[in-house]
Amino acid sequence: MRSIGEIVDGELNKLVVALHNPKIKPDAPQPRLGDFVLIKTNEIQIIGVVSHLMFKVREQPQPLGLPPEQVEAVLPDIEDVVYANVLKLAFVPIIGYIEEGEAYQITPPVLPDIHDEVFLVKDEVIRQFHIRNNKLEITYFPRLLKDDVENKVEVLAIIYKRLKKVIDLGLDEFLSLTNAAYEETKGAQLPTSFATTLNRLIGD
């Protein structure tokens, strides 16, 4: 299992991951929006979901003022400078943890350490996290509807597609869970615009 990056910031409920530089680790997996990720730390496995990806520029690139043919000539050197000055960050709301083989869809009891490695979650771990005593258990959707989570609709749609593939989650059950989570979080039914976008993304 290859690491996608390392913890560089965050708190119990949301972590920031600096993704590996492809120039240095070309074989490192690149996470996508909605991917489940795992952090092994302090004898537990923390589970989260990628809700946003962005660049963090340490020093803004400056205009080169060169004709195209000269830009091509110096491009390798420019790329090295760009990669050295730019971090690609993933923002990861935490949805639970696994300890001693048991899955808990609640806030973990410990914070990972800076530079702890982060991995994409394999299908068998997804099953372990969502199935308890041979029954489906999904109680973390309200966490993904909190105000600090970016791209809520897109993330939920991608999660549905992954869970449909891995644990055969039905669409009606998913929509029922989503609506209940919205009512719990916002005190209202799922807005028509949210539901319409969600259904469109699921159908894509």
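This is a predicted model: local features need pLDDT of at least 70, side-chain atom pairs count only at pLDDT 80 or more; totals for chains, interfaces and linings use all residues.
Local features required pLDDT of at least 70 and side-chain atom pairs pLDDT 80 or more, whereas totals for chains, interfaces and linings use all residues. Residues are numbered from 1 along each chain as its sequence is written, and side-chain values use heavy atoms, without hydrogens and water.

The axes of helix 5 (residues 171-186) and helix 6 (residues 192-203) come within 12 Å and cross at roughly 150°. Helix 5 is therefore roughly antiparallel to helix 6 (angles over 145 degrees, on a scale from 0 to 180 degrees between N-to-C directions). The contact (heavy atoms within 4.5 Å) involves Leu-171, Phe-174, Leu-175, Thr-178 and Tyr-182 of helix 5, together with Phe-194, Leu-198, Asn-199 and Ile-202 of helix 6. Seven of these residues are nonpolar, two are polar and none is charged (Asp, Glu, Lys and Arg count as charged; Ala, Val, Leu, Ile, Met, Phe, Trp, Tyr, Cys and Pro as nonpolar; the others as polar).

Six salt bridges were found in the whole structure (a side-chain nitrogen of Lys or Arg within 4 Å of a carboxyl oxygen of Asp or Glu). In one of them, the closest N and O atoms of Glu-150 and Lys-14 are 3.0 Å apart. Glu-150 lies in the loop between helix 3 (141-144) and helix 4 (152-167) and Lys-14 in strand 2 (residues 14-19), so the pair ties together parts that are 136 residues apart in sequence. Lys-14 is buried, at 12% relative accessible area, and Glu-150 is partly exposed, at 24% (buried is under 20%, exposed over 50%, partly exposed in between, with a 1.4 Å probe and protein chains only). Glu-102, Arg-132 and Glu-137 are linked in a network of salt bridges.

Conventions. Helices (H or I, at least four residues) and strands (E, at least two) are DSSP runs, numbered from the N terminus. Angles under 35 degrees count as roughly parallel, over 145 as roughly antiparallel, 65 to 115 as roughly perpendicular and the rest as oblique.
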